[in-house]
Structure formats: structure tokens, C-alpha cells
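I set out to record what I looked up in this structure, entry by entry. The notes are kept brief.

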Amino acid sequence: MLRVLRSAPQASFHGPRALALARLASSLSGAFASLKDPSLIRQDAFIDGKWVSPKGDAVIKVTNPATTEVLGTVPDLGIEETRAAIDAAGIAFKSWSKTTAKQRHDILKKFYDLMLENTEDLSRIITLENGKTLAEAKGEHLYSASFLEWFAEEAVRVYGEVIPSPFPDIRNVTIKQPVGVCSLLTPWNFPSAMITRKLAPALAAGCTVVIKPPAETPFSALALIELANRAGVPPGVINVITTDKNVKEVGDELAQNKVVKKVSFTGSTNVAKLLMQRASSTLKKVSLEAGGNSPFIVFDDADIDKAVEGAIASKFRASGQTCVCANRIYVQSSIYAEFASRLADKVDKFKIGNGLDEGVTHGPLIHDRAIEKVQRHVEDALSKGAEILVGGKRATELPGSFFQPTVLSNVSNDTLIMDEETFGPVAALIKFETENEVIDICNSSDVGLAGYFFSRDVGRVWKVAEALELGMIGVNTGLISQACIPFGGVKESGLGREGGPHGIDEYMETKFIAFGGLAGK
């Protein structure tokens with residue numbers, strides 16, 4: 001039997017409600033107690049419209065990576081609860097899929113408005129559990145909310161087609177219908193935005209969902225569900241399973257259960273392959289945003305200052321922990337020394353620390369395992385001839401999982417950095433001579449999510465943009481993510497697209513209907 005705590009009816013923030021919030025705040029950790037609305041912090045999973053408490057001591061401790069402080073706990077659930085969540089989503093789909101596009105639009109818009117009303121709290125939650133600076137967290141929060149706004153508007157713009165028939169008595173039409181129950185598996189690096197990028201199009205299409213947020217950063221997801229409830233999302237439409245020790249079994253169930261008709265995942269290529277294999281047992285629809293190894297190219301005709309700004313924006317955002325971070329920075333030989341010097345000077349001025357502290361530009365990595373991987377990449381590069389211009393080691397003077405922002409020069413093409421995502425604050429600079437050479441090197445990777453290059457030659461811009469084997473390319477910019485674009489990669493970086501006018505199609509099926517006997521006499 002599931003232990004559940006029923007959601008209390010929402011009231012105003014005065015009188016009994018204010019007293020309840022005060023009591024709730026006093027029961028939270030010091031970090032969360034400062035929230036304006038502490039009821040956004042839920043330490044339970046969510047199934048069929050009810051908050052589900054843990055069984056005994058089966059909990060996940062969530063820590064602040066900047067301080068190692070335990071922020072709170074969430075249930076460590078297993079297959080029983082996962083199946084209950086899937087069943088609840090299956091039942092709710094029967095009614096949610098019958099709602100009108102306008103009804104779904106209105107709920108998503110209300111959800112969006114509630115996110116904006118709670119900007120300060122939701123941003124603070126992101127910083128506390130993920131570590132990124134508060135400025136970056138606010139940026140993620142607004143990006144996250146923008147998916148609700150975009151797909152609310154897309155909900156009412158899902159169109160079918162009329163297809164001319166070669167037969168006089170036949171009329172051909174297509175309609176689009178929601179695919180069904182969807183499993184949404186999200187990463188820790190964008191604990192809010194990766195939820196809404198999947199949840200918003202699913203709800204807009206008329207699907208119901210079971211979300212498995214990461215064990216490292218579950219509180220952002222749960223806060224969003226609290227707001228979804230306030231926005232009027234019916235019970236069973238959204239379900240959240242928190243898990244850590246049972247993640248393999250839960251993942252298998254979310255991919256293989258016959259009630260589930262669609263799996264959407266953001267994470268590593270290896271896990272994406274496993275989920276696709278599991279989902280193939282019932283030929284489910286899949287969207288996979290898997291690993292990247294983004295090249296960043298600076299040609300000799302580039303504006304060097306803008307290229308440095310772009311490299312910093314792409315490489316060091318979230319301390320290098322994004323799937324579209326510049327991982328390999330190729331600089332044409334004639335400007336290599338100047339670019340390296342200017343980049344190193346900028347990076348040397350970064351200030352790492354607690355993301356809530358004033359003046360801090362970059363936060364910690366998510367945990368010590370991430371530190372170990374970054375250190376391994378740096379040591380491997382140094383052993384093969386690279387040189388440290390800035391940083392290069394763990395920041396041991398700080399209590400959390402901090403690594404110094406690093407710039408490496410003279411990195412060779414046989415290093416680990418060239419083949420693996422570093423997912424940390426290390427800018428690896430590689431010298432190249434010709435346009436064709438760098439295109440061939442970039443395309444030698446097995447993955448192809450995103451890439452960037454800087455050039456002021458229009459002919460070169462078109463040639464390189466078309467030649468690079470990538471799903472997304474930033475030309476003279478280091479930032480590309482927006483709700484209105486089709487986000488996704490090629491090769492082993494995944495399948496499908498999220499966001500933009502294409503995003504809702506990933507959660508719909510096209511049905512063909514032929515009307516016969518229509519020819520007049």
C-alpha cells in the first residue's frame with residue numbers, strides 16, 4: 001500500500017494560511033526557511049494527485065553542492081510506486097486527452113503565471129540544490145517558464161490536413177491525437193528547465209506523464225508540481241517518482257511498461273541507448289537528447305573579443321555543466337596566441353563560491369564524482385603535452401565540490417577531452433590551420449548535438465554551417481537555447497526535437513481518415 005498525504009486545499013496567504021506557512025518554514029532546513037512560500041518545498045513524491053511519503057527510512061538525502069549541507073529528503077521509491085504512477089496516468093489520460101486545446105492552453109498559461117509570481121523562490125531552490133549562481137538560476141527559471149508559455153500557445157495550433165484524393169468518392173483527412181502516457185526522465189544540470197521542456201508539450205498535446213527527476217535535484221521538480229496543482233492540472237495527469245537506489249528498476253519499468261506509449265530522456269548517450277533498447281520491446285515512441293562534445297571554432301577573420309565572450313558564455317555557463325557546452329575549442333593558428341591570452345585573462349578574473357553569495361560568478365560542480373572526471377581529463381591532457389594557462393586543480397579552500405576555472409593550451413587531438421564530455425569548467429584550446437581540416441576533425445566525433453563558430457566571412461559561414469554534422473549551430477554566438485527552437489542532435493546525440501513548433505509533434509500521432517461514398521450522381 002502507498003502511504004499518501006492528501007494535498008490540502010489552497011487558501012489565501014493570510015490568517016490560518018500564514019500561520020501554516022510559518023510553521024512549515026520553521027520545520028525546513030535553514031536554507032529553505034528563507035523562502036517567501038515554503039510550501040513550495042515538498043519532501044514527498046506525487047502520485048494520482050496525492051503526495052506520497054517514504055516507506056520507513058527509504059529516503060534520498062539532497063545536499064547543497066556548494067556547502068555539503070543536507071537540504072532535505074525525498075522518498076526513494078521502487079517498482080510498486082512506479083507502476084501505481086503509470087496506472088494513475090493511464091486512467092487520467094482518458095479524460096485529459098478529451099479536454100479541448102483551449103482548456104489545456106488556459107491551464108498552462110496559469111501555470112506560467114504562477115512560475116513568474118514565484119520567481120525568487122524557484123530560482124533560489126535551483127541554486128541551493130544545483131549550485132549554479134543565483135543570476136544563472138534566474139535565467140534558467142525564465143527559460144523554464146518560457147516553455148509553458150510557448151506550448152500553451154502551440155496547444156491551440158495543432159492542425160490536421162486535407163489531402164486530395166485520386167478517387168472522386170473519397171475525401172482524405174488527417175488529425176493529430178495525443179500519443180498517451182509519457183515517461184519523462186530528466187537530468188540535474190537544469191533541474192527546472194528540463195522538466196518543463198518535456199512536460200509543457202506533453203500537457204499541451206493532451207498526454208499524461210510520469211516524471212523521474214534526478215536524485216541530486218528533485219526539489220525544483222516537486223515545486224513545479226505544487227504550482228501545477230494550483231494551476232488546476234487534474235489528479236493523475238502529472239506524477240513524480242523520486243528514486244536513487246532503485247533507479248535501474250524504475251527506469252526499466254518506465255521504458256517497458258505497456259501503458260507507457262512514449263519515453264523522453266535527457267542524459268548520457270550510454271543511458272539513452274539502454275532506454276531505447278528497453279523501449280523497443282513495445283516499440284514506443286522515443287525522444288532522446290543524449291551526450292554532446294561540442295566544437296567551438298574561431299577562424300582568423302573572427303572578431304576576437306566577441307569570440308572570447310562567446311567561448312565564456314558557452315564553455316563556462318553553469319561551470320561547464322551543460323550538454324551544449326563548448327568542449328573542444330579550435331583556434332586558427334594565426335590568432336591562436338592572442339585568443340588564448342585574452343581568454344585566460346578573462347577566466348582568471350572569475351570568482352567561484354556559493355551561488356547565493358554576492359560577487360560569485362561560478363558555482364560548484366554537482367558532486368565529487370564530477371570533480372574526479374574533470375581532474376582525470378586535465379591530468380590526461382597534461383600528460384600529452386598540454387599546458388595550464390589558468391586554474392587546473394580542485395579548489396580545496398572551499399567546502400563543496402569546486403574546481404578552478406581552467407584554460408589549457410596546446411591540447412592534442414588524442415586526449416580524453418576530445419572524445420568525452422568533460423562536464424566541467426575546462427577550456428581546452430587546439431590549434432588548426434585550414435577550414436577543411438577543422439571541419440574534418442569536428443565531424444570525426446560519434447556525437448553531434450551542438451557546435452559554434454566565429455567568422456565574418458559570409459561564404460565561410462554558410463559552408464561551415466552546412467558541413468558540420470551537428471543538430472544545432474551557433475554562428476557568432478555562444479548561446480543558442482530558446483523555447484522556440486527545435487533542440488536536438490544527430491548521430492549518437494539522440495533522436496527527436498524538443499521545443500519550437502516541432503516539439504509538440506513528438507507527443508502526438510497522426511491519424512489518417514478516408515471518407516468514402518461522397519461522389520454525387
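Predicted model: local features only at pLDDT ≥ 70, side-chain atom pairs only at ≥ 80, totals over all residues.

The entries below take up confidence, strands, helices, aromatic pairs and one glycine.

**Entry 1. Confidence**

I noted a mean pLDDT of 94 for the protein, with 94% of its residues at 70 or more.

Between β6 and β7 (residues 171–178) I found 3 bridges in the antiparallel sense. I also looked up the bridge partner of Val-162 in β7, which is Val-173.

**Entry 2. Strand β11 and its partners**

I turned to strand β11 (residues 260–266), where 6 of the 7 residues are buried, so the strand is largely enclosed by the rest of the structure. I found that β8 and β11 run parallel and are joined by 5 bridges. Here Cys-182 stands opposite Lys-262 in β11. I found 5 bridges between β11 and strand β12 (residues 285–289) as well, and these two also run parallel. Phe-265 has Leu-288 in β12 as its bridge partner. I noted that β11, helix α10 (residues 269–279) and β12 make up a right-handed β-α-β unit.

**Entry 3. Strand β19**

I next asked how many residues of strand β19 (residues 450–454) are buried. The count is 5 of the 5, so β19 is largely enclosed by the rest of the structure.

I then looked up the pairing of β19. With strand β13 (residues 294–298) it pairs in the parallel sense over 3 bridges, and the bridge partner of Val-298 is Phe-454. Strand β20 (residues 472–475) runs parallel to β19 and is joined to it by 4 bridges; Gly-451 stands opposite Ile-473 in β20. I recorded a right-handed β-α-β unit made by β19, helix α16 (residues 458–467) and β20.

**Entry 4. Helix α15**

I listed the buried residues of helix α15 (residues 435–443): Glu-435, Val-438, Ile-439, Ile-441, Cys-442 and Asn-443. I asked what covers these buried residues. The cover includes β13, β14 (326–332), β17 (426–432), α16 and β21 (490–491).

**Entry 5. Aromatic pairs**

My search of the whole structure gave 9 aromatic pairs. In one of them, Trp-188 and Phe-423, the ring centres are 5.8 Å apart and the planes stand at 90°, so the pair is edge-to-face. I located Trp-188 in the loop between β8 (181–185) and α7 (193–205), and Phe-423 in the loop between α14 (416–419) and β17, 235 residues apart. Both Trp-188 and Phe-423 are buried.

I also looked up Phe-296 and Tyr-452, whose ring centres are 6.0 Å apart with planes at 35°, so this pair is tilted. Phe-296 lies in strand β13 and Tyr-452 in strand β19, so the pair ties together parts that are 156 residues apart in sequence. Phe-296 counts as buried because its relative accessibility is 0%. Tyr-452, at 1% relative accessibility, counts as buried too. I noted that Phe-296, Tyr-452 and Phe-454 form one aromatic cluster.

**Entry 6. Gly-90**

Lastly I looked up Gly-90, which is found in helix α3 (residues 79–96). Is Gly-90 buried or exposed? Its relative accessibility is 18%, so Gly-90 counts as buried, the cut-off being under 20%. Leaving aside neighbours within four places in sequence, I found Gly-90 in contact with Val-181 and Val-259. I recorded a separation of 54 Å between the C-alpha atoms of Gly-90 and Phe-432, which are 342 residues apart along the chain.

Notes: Residues numbered from 1 in each chain as written. Heavy atoms only, no water. Pairing = 2+ DSSP bridges. pLDDT = per-residue confidence, 0-100. Buried < 20%, exposed > 50% of the residue type's maximum accessible area, 1.4 Å probe, protein only. Right-handed = clockwise from strand over helix to strand, strands pointing away. Contact = heavy atoms within 4.5 Å. Phe/Tyr/Trp six-rings, centres within 6.5 Å; stacked < 30°, edge-to-face > 60°.
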